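Please look over the chain below together with the ligand placed in it.

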Amino acid sequence: MYNDLLNKKTRLAVVGLGYVGLPIALEFARKISVIGFDISEARLEKMRNGIDPGKELDPEAFEGCDIEFTSSLEVLAKATFYIVAVPTPIDNANMPDLKPLLEATTSVGKVLKKGDYVVYESTVYPGCTEEDCVPLLESISWLRFGVDFKVGYSPERINPGDKLHTLTNTVKIVSGCDSESLDLISKIYEMVVQPGVFRASCIKVAEAGKIVENTQRDVNIALMNELSIICSRIGINTYEVLEAAGTKWNFLKFYPGLVGGHCIGVDPYYLVHKAHQLKYHPQIINAGRFVNDSMGGYIGKKIVKNLVRLGKNIMGAKALVMGVTFKEDVSDIRNSKVVDIIRELEEYGISVDVVDPQASPQEVMHEYGIRLSTLPIHLQQYFQCSDQQSTHQTVQTSDQRSTHQPSQPFAQQAINETYDAVVVAVSHKEYKNLPQEFFKSITTDKAVFVDVKGIFRNKIDQMTYWSL
Ligand SMILES: NC(=O)c1ccc[n+]([C@@H]2O[C@H](COP(=O)([O-])OP(=O)(O)OC[C@H]3O[C@@H](n4cnc5c(N)ncnc54)[C@H](O)[C@@H]3O)[C@@H](O)[C@H]2O)c1
């Protein structure tokens with residue numbers, strides 16, 4: 001199969017062209033012939049025009065690629081090596097929602113032929129590939145696993161917004177259902193992953209390897225968040241404590257913050273689910289999830305307490321939240337914990353405006369029912385010195401809209417400039433160099449300044465400053 005792929009006698013298909021699937025599909029398409037399969041025609045249409053719907057890749061990434069974007073099973077059937085990279089979210093009860101994964105598996109099962117390979121890249125709990133996906137592939141295709149078709153698992157490590165650690169320059173974990181499949185799958189990935197692959201001993205090890213990377217991070221951030229709650233009660237700054245402790249050679253550098261998005265805040269629940277199936281109830285993983293999931297509400301309450309201390313009337317107080325994406329310098333708003341801060345403030349009767357230079361107003365409205373506001377033109381000067389390049393995305397007037405500007409009915413409104421509290425919730429590059437005068441110019445006399453990520457530490461002395 002390897003030579004047939006290289007000689008373009010057969011094709012590789014990527015099923016699910018999102019943050020993970022599209023870069024992989026394009027990278028392979030520089031070497032071999034690729035079918036990019038997705039169920040969203042709207043997204044496919046953008047990709048056919050060289051546009052990444054996730055806004056991570058430049059149009060040049062599509063240049064020179066041998067790729068056919070399709071939602072047709074007839075076209076999908078022309079492949080022999082399938083990579084599945086569809087979402088694996090959780091439901092409202094924090095349980096794994098395998099619907100997209102099983103639907104994608106059904107599509108592959110319908111076109112599976114003798115000799116084909118299927119490699120899963122979606123993040124799953126250990127056992128999911130062999131116990132949930134393989135039986136479905138067998139029942140739909142009427143083929144025998146291990147005899148007629150083979151399966152592997154290779155998790156993805158890309159990190160949205162991270163231009164340093166990419167698919168091609170980061171070692172990739174690879175696994176197969178037997179030694180022959182491990183060899184072939186490794187060779188195929190080595191076409192595009194320059195530092196090579198790590199050959200895991202079996203599929204479950206590769207699945208667990210991925211999930212523990214993110215669980216470890218989640219638990220460590222939870223520890224920092226808990227530390228931050230304690231420091232706040234003591235009356236000392238968490239970052240100063242971490243700076244001091246960080247001078248020891250083996251101190252791990254984690255920081256407090258909101259844990260949102262579709263990986264770190266989600267994947268530990270997959271591991272918890274598997275543990276429950278095996279009659280073990282994880283304490284540390286769940287504790288980490290509890291602490292991190294509570295941080296939005298905690299920050300909201302801290303803002304309220306600070307406003308009360310300043311003698312503000314909470315009912316009708318105004319707050320501006322800057323940043324709504326799940327982390328800095330990305331447009332992705334999925335599972336953003338900033339929304340927890342907004343909801344907490346609103347529950348107290350505080351009126352909240354939200355701005356974000358990177359998020360799409362349509363998506364924010366669709367996902368959370370929140371209308372993004374704009375910054376009026378006379379505040380542009382602050383953003384020019386903060387980040388020249390992003391000025392036009394950040395600051396808009398009614399006739400100077402960003403590329404994200406929605407059409408009616410949710411036209412954006414300018415912020416009102418009399419806020420009692422400003423919350424810099426996401427450390428977007430556009431915000432990092434904003435001077436104190438900017439915040440003073442949009443707030444009332446006595447105002448609360450909340451710096452979730454601590455980026456304005458020692459820079460704000462004319463407002464009531466608080467950070468995690
Ligand atoms: N985004 C990341 O940074 C990242 C990093 C590592 C691992 N992962 C994991 O990779 C997987 C994919 O995540 P993502 O962020 O790329 O998701 P995504 O939401 O960006 O994209 C998923 C794509 O799959 C398509 N899709 C959904 N159901 C489908 C189906 N039945 N058939 C074909 N296409 C379908 C969607 O239309 C979309 O284009 C998840 O398991 C995630 O946990 C993500």
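The points below are grouped by topic, after two notes on the model and its numbering.

This is a predicted model, in which local features need pLDDT of at least 70 and side-chain atom pairs count only at pLDDT 80 or more, whereas totals for chains, interfaces and linings use all residues. Residues are numbered from 1 along each chain as its sequence is written.

**Domains**

- The domain assignment, whose bounds come from an automatic or database source, gives domain 1 (2-201) and domain 2 (221-467).
- The centres of domain 1 and domain 2, taken over C-alpha atoms, are separated by 34 Å.
- Between the two domains, 14 residues of domain 1 are in contact with 14 residues of domain 2, where contact requires that the C-beta atoms, placed from the backbone, lie within 7 Å.
- The side of domain 1 that touches domain 2 has nine nonpolar, four polar and one charged residue; in this classification Ala, Val, Leu, Ile, Met, Phe, Trp, Tyr, Cys and Pro count as nonpolar, Asp, Glu, Lys and Arg as charged, and the others, Gly among them, as polar.

**Ligand surroundings**

- Of the 30 residues around the ligand, G16, G18, Y19, V20 and S122 come nearest, a residue being near when its C-beta atom, placed from the backbone, lies within 6 Å of the molecule.
- By class, the shell around the ligand holds 14 nonpolar, eleven polar and five charged residues.
- Helix α5 (residues 99-111) gives the most to this shell, with four residues; helices here are DSSP runs (H or I, at least four residues) numbered from the N terminus.

**Helix α8 with helix α10**

- Helix α8 (residues 203-234) packs against helix α10 (residues 267-277) at an angle of about 110°, with the axes 8 Å apart; axes are lines fitted to C-alpha atoms over the stretch in contact, and angles run from 0 to 180 degrees between N-to-C directions.
- This angle makes α8 roughly perpendicular to α10, a term that covers 65 to 115 degrees.
- I211, N214, T215 and D218 of α8 make the contact with D267, P268, Y270 and L271 of α10.

**Helix α10 with helix α11**

- α10 and α11 pack at an angle of about 145°, and their axes lie 10 Å apart, with α10 passing α11 in a left-handed crossing.
- On the α10 side P268, Y269, L271 and V272 meet I285, N286, G288 and R289 in α11, and the contact comprises five nonpolar, two polar and one charged residue.

**Helix α11 with helix α12**

- Helix α11 (residues 284-309) and helix α12 (residues 338-347) pack at an angle of about 45°, with their axes 7 Å apart.
- α11 and α12 are therefore oblique to each other, oblique being what remains once angles under 35 degrees (roughly parallel), over 145 (roughly antiparallel) and 65 to 115 (roughly perpendicular) are set aside.
- The crossing of α11 and α12 is right-handed.

Terms used: Helices (H or I, at least four residues) and strands (E, at least two) are DSSP runs, numbered from the N terminus. A crossing is left-handed if the near helix is turned anticlockwise from the far one by less than a right angle, and right-handed if clockwise.
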